[in-house]
Structures are given as C-alpha cells and as structure tokens.
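Please examine the structure shown here before reading on. What can be learned from its folds, its domains and its contacts?

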Amino acid sequence: MQDARHQADRDSRTGTAAARPVGYCEGGELPRIAINARNFAQAETHLPGQDIVATCAACWLSARESKERLDGSAQLLKETNEALAAAGLHYNGGANVRHMVEVLIEDFGYDGLKAPMKKSLEGLKIAGYVGCQTNRPFGIDGESFENPMYLDKMVETLGGEALSKYEQKVTCCGGALAFSEPEKSQKQIRDIVESAYDHGAEMIVTPCPLCQANVEVYQSEINKKQGTKFNMPVVYYSQLMTVAYGGSAKDAALDGQLIRAEKLEKIAGK
Amino acid sequence: MTTANTNAIERYRNNFLKEVEANVEEGHMVKMCMQCGVCAGSCPLGPHWTHSPQKIFMMIRAGKRDEVLGSDSMFMCTSCYNCMVRCPRQLPITHIMHGLANYAHRLGLAPKGQPTRDFATLFWNNAIKKGRVNELMLTLRHYFRGGLVSGIKEALGMQSVGLGLFMAKRLNPMEIFGGHGVKDLKGFHAIVAKAKEIEDRKKGFTA
C-alpha cells in the first residue's frame with residue numbers, strides 16, 4: 001500500500017468531510033469509504049478525467065486510502081456502489097486523488113515554483129515542519145518518511161533559509177487528540193516549537209492545516225501552564241508562496257495569524 | 001451486555017483471532033506480526049497506553065478478548081502512521097487499531113468516558129449531520145460534554161484561543177445556527193444509512 005502512488009481526495013465543489021482521523025468510533029469501514037466514494041462519483045460525473053486535489057492532509061489521506069481499498073477489492077466496490085445507489089450515484093473507479101503539494105512538487109517542480117517569484121524570502125530562517133499525514137503513509141514521490149526534504153527545498157526555492165537540522169520535522173502534533181487529550185498533545189507541540197527555537201528558526205512552515213492550527217494555537221496554553229515564552233509564528237506553505245509571488249500580507253492571510261508573522265509581513269510590505 | 005457482543009461470544013467461542021479476522025478492519029493481517037516491537041517504540045503517545053500495538057496483537061492471538069476490547073490503547077492513536085510505515089511486516093497497524101476501536105465501541109466494550117472515544121463519536125455525528133464538519137458546534141459540544149458547570153470552566157480556560165480564532169476570522173460564530181451542508185443532503189444520509197446497514201449485517205451488529 002505504501003508504494004502505490006498517485007491517487008486522491010476531496011473536491012471543493014462536492015466536498016464532504018472525510019471523517020477518517022477521529023471518526024473511527026461511530027463511523028466504521030463502509031460508511032467511511034462510501035462518503036469518500038460519493039466524492040469520487042461526483043468528480044467522475046461532473047469533472048470527467050480531472051484529478052481530485054486536496055489541500056488538507058487528512059482529507060487526502062482518507063480519500064486516497066479509500067480509493068486504494070476500492071481499487072483493490074471488487075467486493076468492497078460492489079458494496080460501496082450498493083450504498084451509493086441509495087442516492088442514485090455510481091462509482092466507476094476513476095478520479096485520481098492527489099495532495100496540492102504533490103501537484104506543486106511533482107507537476108510544477110522547483111523551477112516552476114521559482115518562475116513567478118517577485119520577491120525573495122532572503123534572510124528568513126524557517127523550520128520546515130512536515131508532520132505526519134502529508135508524509136505518511138503515502139508521502140511525496142522519492143522522499144523518505146524519516147527525513148523528507150521537499151519542504152526545505154521549497155523554502156530555499158523561495159529564497160528563505162531552511163534549517164539543516166530539525167529533529168522534530170516529522171513529529172506528530174497530536175492531531176485530533178489536541179482536543180481530547182490536551183496535555184499529551186501539548187507535550188508534542190512543545191517539542192516541535194522548542195526544537196525550532198533551538199536551531200534559530202524565526203518561523204515554522206507546514207503543509208498540513210491541522211499542524212498549522214495545533215502548533216500555533218496552543219502555544220499560549222503551553223506558556224500559561226508551563227511558563228514558557230513561546231511566540232513562534234506558524235504559517236502554511238501557500239502563505240510563503242503568496243508573499244514571494246508579490247502578494248500583500250492580506251492576500252497571504254497573514255491577518256489570520258494568532259501569532260503574527262511580522263518578518264513575513266515586512267517582506268510583503270516592501 | 002449488548003446482543004451483538006453475546007452473539008459474537010457464542011459464535012467464536014475461544015477463537016478471538018478468528019473473530020478479529022472476520023469483523024475488524026484489516027484484522028486478517030494481525031497474524032503477520034512477528035513481535036519485533038518497532039511499533040511500540042515509534043508511537044508518540046507511547047508512555048500513555050496500557051498496551052502497545054505489539055502487545056495487542058499477541059493478546060489477540062492469546063485469546064485475551066476482554067482485555068483487548070476493553071483496552072484504552074486504541075484510543076491513544078493520533079493517526080500519525082509512524083508505526084505503519086516502519087513495520088517490517090507491513091501490517092497496516094494504524095488501520096487495525098482504528099478497526100479495533102470501532103469494534104470495541106460497537107460491542108459496547110470500549111472504556112466508558114474515554115475522551116477520544118467520546119470526541120470521535122461527537123465528530124462523526126457532527127460531520128454526518130450536514131455532510132460537513134461544523135467546527136463551532138463540535139468545539140462547544142466537546143467542552144460541554146460533562147455538563148454546564150464544567151463546560152463553562154473549560155470554555156473560559158480556552159476563551160483567549162477561541163476569541164483569537166474568531167477575531168482572525170477562523171471560527172465563524174454563525175455556524176451556531178446549523179452551519180453549511182452538502183448538496184443533496186437527503187441522498188448523503190441515504191448513502192451513509194445504506195453503508196451502515198450493509199456493514200452491520202456483515203459484522204453481526206444487527207440484533
């Protein structure tokens with residue numbers, strides 16, 4: 001399963017919450033796969049021949065995993081189509097599921113990402129925090145699970161300085177357990193932020209929306225409980241790209257940060 | 001004891017491995033475990049569970065039904081997939097742990113009040129209601145799960161975070177009025193109901 005590449009996720013037009021990560025109690029196997037297949041069937045009908053691209057790591061993982069399971073079992077496909085028929089839908093096995101980072105790295109490539117640059121992120125030292133689900137179990141073509149380099153290369157492509165060492169690069173932020181097990185997750189988050197500080201980073205960048213939220217939002221909680229003074233901005237990779245491509249701080253949604261990324265705002269304002 | 005649980009005990013007698021293989025997602029892979037322990041050493045929540053995946057797999061083979069299905073370990077899974085990519089026998093460990101959690105939950109044997117079990121249940125019901133997650137209601141219901149008093153306390157503790165997200169336009173207060181949903185919600189519900197019906201029939205959850 002780990003080797004099979006190039007499938008995908010959630011269509012923003014038909015998008016359903018892909019409830020894998022914490023839906024495992026009530027949901028079960030077939031309901032989970034069926035709601036993913038509903039998206040695939042819609043994509044096949046309304047956007048034939050096009051890839052489904054997910055920006056959320058968990059959506060990508062859930063959808064791609066469902067697709068691989070359906071590709072691998074005629075019985076599962078039959079049962080899934082029985083469920084889809086309840087809404088007059090049918091899934092034929094098409095619709096490639098991909099993550100946006102796959103599209104950027106594998107289709108555009110680093111040279112392609114450099115081409116539209118108007119500004120360099122020169123002088124910014126950035127910790128590339130890859131986290132779990134854009135990295136495991138599928139990941140980006142040609143990258144290792146233990147030390148993937150694509151995010152660092154992306155930072156460098158945009159003119160920033162990537163950390164050469166960052167022990168917490170693929171550490172789990174706690175995921176959905178940040179809600180249900182706050183103490184245990186905040187220990188994870190503390191390690192991730194602390195290591196970024198230790199290596200002199202000025203901000204953290206991540207390709208996963210939940211990592212972005214968890215690592216940014218809970219810093220104030222950790223400060224309160226553990227007396228740390230964390231104030232490390234955490235941005236999503238597209239925010240770096242927007243600034244490098246000449247967008248304003250608002251275009252890059254930097255006004256949506258809880259911990260302001262002031263150095264990035266400054267570059268955006270130049 | 002639930003009927004489904006009584007039926008399962010009756011049907012599989014002392015062969016718990018067979019029960020897991022038949023009813024738990026990816027359960028047929030359990031017997032491939034060679035007890036190396038890489039999963040146990042790879043788990044970010046390692047210090048917090050009672051049994052590592054390695055132990056769970058051996059306990060399944062040893063027929064420790066009550067201990068496995070009553071364990072809190074499966075609910076400590078953050079879905080980080082570290083164990084799964086490192087497993088030398090390529091067991092889909094993450095999926096087996098989720099499958100065991102689901103099976104234990106459906107049989108009514110999972111630990112009561114386990115916070116991740118409760119949150120997962122909230123999450124699924126929230127997502128299924130409109131076909132999209134209503135993050136505001138999910139958060140509120142989570143904080144108020146233990147009643148009004150503890151809810152107010154917990155929500156006040158997280159007030160600065162909530163307010164910050166709201167000010168940054170990352171939490172939409174209008175979602176309290178029901179929130180947004182998918183097109184053809186009726187069809188969406190029909191798909192979920194049918195899928196559940198098929199699965200319940202196959203796994204013996206129907207009375």
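The questions and answers below concern a predicted model.

Q: What percentage of the residues of chain B count as buried?
A: The C-alpha trace of chain B spans about 55 × 40 × 30 Å along its principal axes. Among contacts in chain B with a separation of 6 or more, 61% join residues 24 or more positions apart. Of the 207 residues of chain B, the share that counts as buried is 40%.

Q: What distance separates the centres of domain 1 and domain 2 of chain B?
A: Domain 1 of chain B covers 3-112, and domain 2 covers 115-197. Taken over C-alpha atoms, the centres of these two domains of chain B are separated by 28 Å.

Q: Which helix gives the largest share of the side of domain 1 of chain A that touches domain 2 of chain A?
A: Chain A is assigned domain 1 (29-99) and domain 2 (116-269), with C-alpha centres 31 Å apart. In the contact between them, 6 residues of domain 1 of chain A meet 7 residues of domain 2 of chain A. The side belonging to domain 1 divides into 4 nonpolar, 1 polar and 1 charged. Its largest share, 4 residues, comes from residues 57-72 of chain A, which form helix α2.

Q: Which helix of chain A gives the most residues to the side that touches chain B?
A: The contact between the chains takes 46 residues from chain A and 48 residues from chain B. On the side of chain A, α1, α3 (74-84), α6 (177-180), α7 (182-198) and α9 (219-226) each supply at least two residues. That side has 23 nonpolar, 14 polar and 9 charged residues. The helix that gives the most, with 6 residues, is α1(A).

Q: How many residues of α1(A) are buried?
A: From its first C-alpha to its last, α1(A) reaches 26 Å, close to the 26 Å expected at 1.5 Å a residue. The helix is mostly covered, and of its 18 residues the number buried is 15.

Q: Is E221(A) buried, exposed or partly exposed, and why?
A: E221(A) is found in helix α9 of chain A. A residue counts as buried with 20 or more other C-beta atoms within 10 Å and as exposed with 12 or fewer. Because E221(A) has 18 such atoms within 10 Å, this residue is partly exposed.

Q: With which residues is E221(A) in contact, leaving aside its neighbours within four places in sequence?
A: The C-alpha atoms of E221(A) and I259(A), 38 residues apart along the chain, are separated by 13 Å. Leaving aside neighbours within four places in sequence, the contacts of E221(A) are Q186(A) and V161(B).

Methods:
Residues are numbered from 1 along each chain as its sequence is written. Chains are lettered from A and ligands numbered from 1 in the order in which they are written. This is a predicted model: local features need pLDDT of at least 70, side-chain atom pairs count only at pLDDT 80 or more; totals for chains, interfaces and linings use all residues. Two residues are in contact if their C-beta atoms, placed from the backbone, lie within 7 Å. Domain bounds come from an automatic or database domain assignment. Ala, Val, Leu, Ile, Met, Phe, Trp, Tyr, Cys and Pro count as nonpolar, Asp, Glu, Lys and Arg as charged, and the others, Gly among them, as polar. The expected span of a helix is 1.5 Å times one less than its number of residues.
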